Amino acid sequence: MRKQGKKMLQTNLDVTSIKPNDSMAEEMTEKEFRMYIIKMIREANDEMKEQMKALNDRTNRQLKEQIQEAKDHFNKELEILKKNQTEILDMKETINQIKNSIESISNRIEHLEDRTSDIEDKIFNLENKVEQTEKMVRNHEQNLQELWDIMKRPNLRIIGIEEGLEKQAKGMNNLFNEIISENFPNLKNEMENQVQEAYRTPNTQNYNRPTPRHIIMKIPNIQNKDRILKAVREKNQITFRGKPIRISADFSIQTLKARRSWNNIFQALKENGCQPRILYPAKLTFKFDDEIKSFHDKQKLKEFTKRKPALQIILNKIFHEEEMKNKEIISYCLREA
């Protein structure tokens with residue numbers, strides 16, 4: 001601004017002329033001429049002062065306007081900063097709240113983890129107790145099954161004799177003797193009157209049932225019972241009054257189920273000449289590699305077949321079918337659940 005004022009002053013000085021005309025200069029004395037020059041200088045100075053004042057006023061006004069604009073701009077920027085500072089403070093407050101919430105959630109999670117750990121320990125203990133209880137139940141069931149089989153050990157189960165024929169034979173003893181005479185005449189003299197107790201099972205007759213109830217006969221001499229069963233195995237067909245019947249040992253329901261589970265394997269081994277047998281109460285035996293093998297459950301037999309390729313060829317299809325059947329049963333149970 002100072003440079004601009006100096007430039008304008010210089011221009012005004014250049015423009016202003018202080019020379020008098022020739023006629024006036026000739027008529028003036030030296031003193032008058034000096035006075036005239038001084039006057040002109042004073043007038044020029046006054047005019048310069050006025051121009052300087054106007055220039056200063058205009059410069060000051062422009063400076064004030066620029067200062068005011070800068071001040072307004074600064075105030076706006078300050079307001080924005082204050083607003084941003086307020087938002088930052090709000091954000092800090094929000095962040096603190098979030099931190100507090102996270103800390104609270106972390107504490108709750110730790111508490112839940114502690115509770116979960118306690119619950120897992122309780123579940124583990126309960127599972128152990130359940131496992132022990134199940135083991136005890138299985139042992140009790142096995143003991144009960146063995147006790148039941150022992151009680152049934154002297155019994156023969158006769159299947160296929162029509163209802164009421166025991167009355168025609170005038171008692172179970174006579175019916176048993178008639179069966180022995182018809183099928184095993186060489187045992188007749190040794191087996192007469194060997195029935196200690198006999199009854200139909202179940203106790204009540206279901207007239208809608210197409211087949212007759214089974215007859216249970218208790219033979220006091222277990223060796224005689226075993227001789228009868230051996231003779232039954234050796235003879236292809238057992239009859240009573242010309243009609244086919246079946247004679248088998250009497251077992252508990254669980255043992256019968258276990259014996260029936262060997263049926264497919266028994267048939268496959270029989271077809272391949274392995275001479276299978278089901279021993280008391282539900283043990284499978286057969287001949288393989290000139291040795292007699294015996295198994296109480298299928299899992300052990302399955303493990304054994306893995307080491308015997310020839311036997312695996314015989315039984316692999318049966319094991320596969322049973323595995324697929326078990327998967328279908330499990331899938332069905334899951335769908336129903």
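Author: A residue is called buried when its relative accessible area is under 20%, exposed when that value is over 50%, and partly exposed in between (1.4 Å probe, protein chains only). The model is predicted, so local features need pLDDT of at least 70 and side-chain atom pairs count only at pLDDT 80 or more, while totals for chains, interfaces and linings use all residues. Residues are numbered from 1 along each chain as its sequence is written, and side-chain values use heavy atoms, with hydrogens and water left out.

Reader: Is His-296 buried or exposed?

Author: His-296 lies in the loop between strand S8 (291–295) and helix H10 (298–306), where helices (H or I, at least four residues) and strands (E, at least two) are DSSP runs numbered from the N terminus. Because its relative accessible area is 59%, the class that applies to His-296 is exposed.

Reader: Leaving aside its neighbours within four places in sequence, with which residues is His-296 in contact?

Author: Contact means heavy atoms within 4.5 Å. The C-alpha atoms of His-296 and Ala-258, which are 38 residues apart along the chain, are separated by 9.3 Å. Once the neighbours within four places in sequence are left aside, the residues in contact with His-296 are Trp-262, Ala-282 and Lys-283.

Reader: How much accessible area does the nonpolar patch of Leu-144, Leu-147, Trp-148 and Met-151 have together?

Author: Patches are made of residues with over 30% relative accessible area and no salt bridge, with like charges joined within 9 Å and nonpolar side chains (Val, Leu, Ile, Met, Phe, Trp, Tyr) within 5 Å; the areas come from the Shrake-Rupley method with a 1.4 Å probe, and for residues only the protein chains shown count as cover. One member, Leu-147, lies in helix H3 (residues 30–152) and counts as partly exposed because its relative accessibility is 47%. Taken together, the four residues of this surface patch have an accessible area of about 430 Å².

Reader: How many salt bridges does the count come to?

Author: Side chains of opposite charge can pair when their charged atoms come close. The rule applied here asks for a side-chain nitrogen of Lys or Arg within 4 Å of a carboxyl oxygen of Asp or Glu. By this rule the count of salt bridges is 11.

Reader: By about how much of a helix are Glu-30 and Arg-34 separated?

Author: The side chains of Glu-30 and Arg-34 form a salt bridge at 2.6 Å, N to O, and both residues are exposed. Because they are 4 residues apart in helix H3, the separation between Glu-30 and Arg-34 is about one helical turn.

Reader: How many residues apart are Arg-241 and Glu-178?

Author: Arg-241, which at 38% relative accessibility counts as partly exposed, and Glu-178, which is also partly exposed with a relative accessible area of 26%, are joined by a salt bridge of 2.9 Å, N to O. The pair links distant parts of the chain, with Arg-241 in the loop between strand S4 (238–240) and strand S5 (243–249) and Glu-178 in helix H5 (residues 172–183), and the two residues are apart by 63 residues.

Reader: How many residues apart in sequence are the parts that Lys-298 and Glu-322 tie together?

Author: Lys-298 is partly exposed, its relative accessible area being 22%, and its side chain meets that of Glu-322 in a salt bridge of 2.8 Å, N to O. Since Lys-298 lies in helix H10 and Glu-322 in helix H11 (residues 309–336), the distance in sequence between the parts tied together is 24 residues.

Reader: In S5, what is the bridge partner of Leu-156?

Author: Two strands pair if DSSP finds at least two bridges between them. S1 and S5 pair in the antiparallel sense over 4 bridges, and in S5 the residue that partners Leu-156 is Ala-249.

Reader: What is the order of the open sheet of 5 strands?

Author: S1 also pairs in the antiparallel sense with strand S3 (residues 214–218), over 4 bridges, and Asn-155 stands opposite Lys-218 in S3. With antiparallel pairing, the 5 strands of the open sheet follow the order S2-S3-S1-S5-S4.
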